[in-house]
Amino acid sequence: LYSSDLFNSITVCKKFDEIYLEAFLASYIRRSKGGIDFIEKVNIQINNILSEGEPYLIKVAKKMRLTPRVLSKKIRNEGKEFKLLVKQKRHEKALTLLKNEDVKLSDIAYTLGYTEHSAFTRAFKSWAGCSPCQFRKHLK
């Protein structure tokens with residue numbers, strides 16, 4: 001589910017439930033075999049502090065009881081980038097929240113750490129190639 005190629009090329013994801021389920025099952029199998037890997041721990045912390053605003057590296061490092069430099073180095077050693085992890089987590093959470101029509105777009109924006117609805121709309125358009133409203137209409 002964290003594949004940037006998937007999210008960069010998404011137009012309308014009618015198979016979102018199927019993809020989401022596959023990603024969940026793959027994640028579940030990894031956890032049951034050997035615990036949660038480091039990147040998953042970082043993603044959990046990013047998810048936990050998204051609604052507090054921009055999940056800066058220093059905030060995540062503090063939650064994980066690491067220095068920002070050590071956290072950054074460990075993430076790079078895993079072949080990832082912190083900013084990309086934040087972007088992917090926001091996208092994943094946005095897709096999940098957009099499925100619920102009772103949740104307002106402005107509430108989704110604030111939940112994802114955006115200060116304005118328009119910033120969320122611009123970011124979503126860059127991810128999905130359509131606005132959040134258009135995406136919701138296609139989900140119906």
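Trainee: Where is the place of Lys 62?

Mentor: Lys 62 has its place in helix α4, where helices (H or I, at least four residues) and strands (E, at least two) are DSSP runs, numbered from the N terminus. This is a predicted model, in which local features need pLDDT of at least 70 and side-chain atom pairs count only at pLDDT 80 or more, while totals for chains, interfaces and linings use all residues. Residues are numbered from 1 along each chain as its sequence is written, and side-chain values use heavy atoms, with hydrogens and water left out.

Trainee: Is Lys 62 buried or exposed?

Mentor: The general idea is a set of cut-offs on relative accessible area: buried means under 20%, exposed over 50%, and partly exposed in between (1.4 Å probe, protein chains only). Lys 62 counts as exposed because its relative accessible area is 70%.

Trainee: Which residues of α5 are buried?

Mentor: An α-helix has 3.6 residues a turn, so residues three or four places apart point the same way. In α5 (68-77), the buried residues are Leu 71, Ser 72 and Ile 75. Seen down the axis of α5, these residues fall within an arc of 100 degrees, so they line one face of the helix; the arc is that of the directions from the helix axis to the C-beta atoms. On the other side of α5, Arg 69, Lys 73 and Asn 77 are exposed.

Trainee: What do the buried residues of α5 pack against?

Mentor: They pack against α3 (38-49), α4 and α6, with contact meaning heavy atoms within 4.5 Å.

Trainee: What can be said of the loops on either side of α5?

Mentor: In the loop between α4 (57-63) and α5 sits Arg 65, which has a positive phi of about 60 degrees although it is not a glycine, and which is exposed, with a relative accessible area of 79%. Just after α5, Gly 79 takes a positive phi of about 80 degrees. Lys 80, in the loop between α5 and α6, is partly exposed at 34% relative accessibility, and, not counting residues up to four places away in sequence, Lys 80 touches Ile 39, Ile 75 and Leu 85.

Trainee: How do the axes of α6 and α9 cross?

Mentor: Axes are lines fitted to C-alpha atoms, for helices over the stretch in contact, and angles run from 0 to 180 degrees between N-to-C directions. The axes of α6 (residues 82-98) and α9 (residues 132-139) come within 10 Å and cross at roughly 55 degrees. That makes α6 oblique to α9, since angles under 35 degrees count as roughly parallel, over 145 as roughly antiparallel, 65 to 115 as roughly perpendicular and the rest as oblique. The contact is made by Leu 95, Leu 97 and Leu 98 of α6 and by Pro 132, Phe 135, Arg 136 and Leu 139 of α9.

Trainee: Which residues of α9 are buried?

Mentor: Pro 132, Phe 135 and Arg 136 are the buried residues of α9, and, seen down the axis of α9, they fall within an arc of 100 degrees, so they line one face of the helix. They pack against α6, α7 (105-111) and α8 (117-128).

Trainee: Is Arg 90 buried or exposed?

Mentor: Arg 90, found in helix α6, counts as buried at 7% relative accessibility. Leaving aside neighbours within four places in sequence, the contacts of Arg 90 include Glu 54, Tyr 114 and Trp 127.
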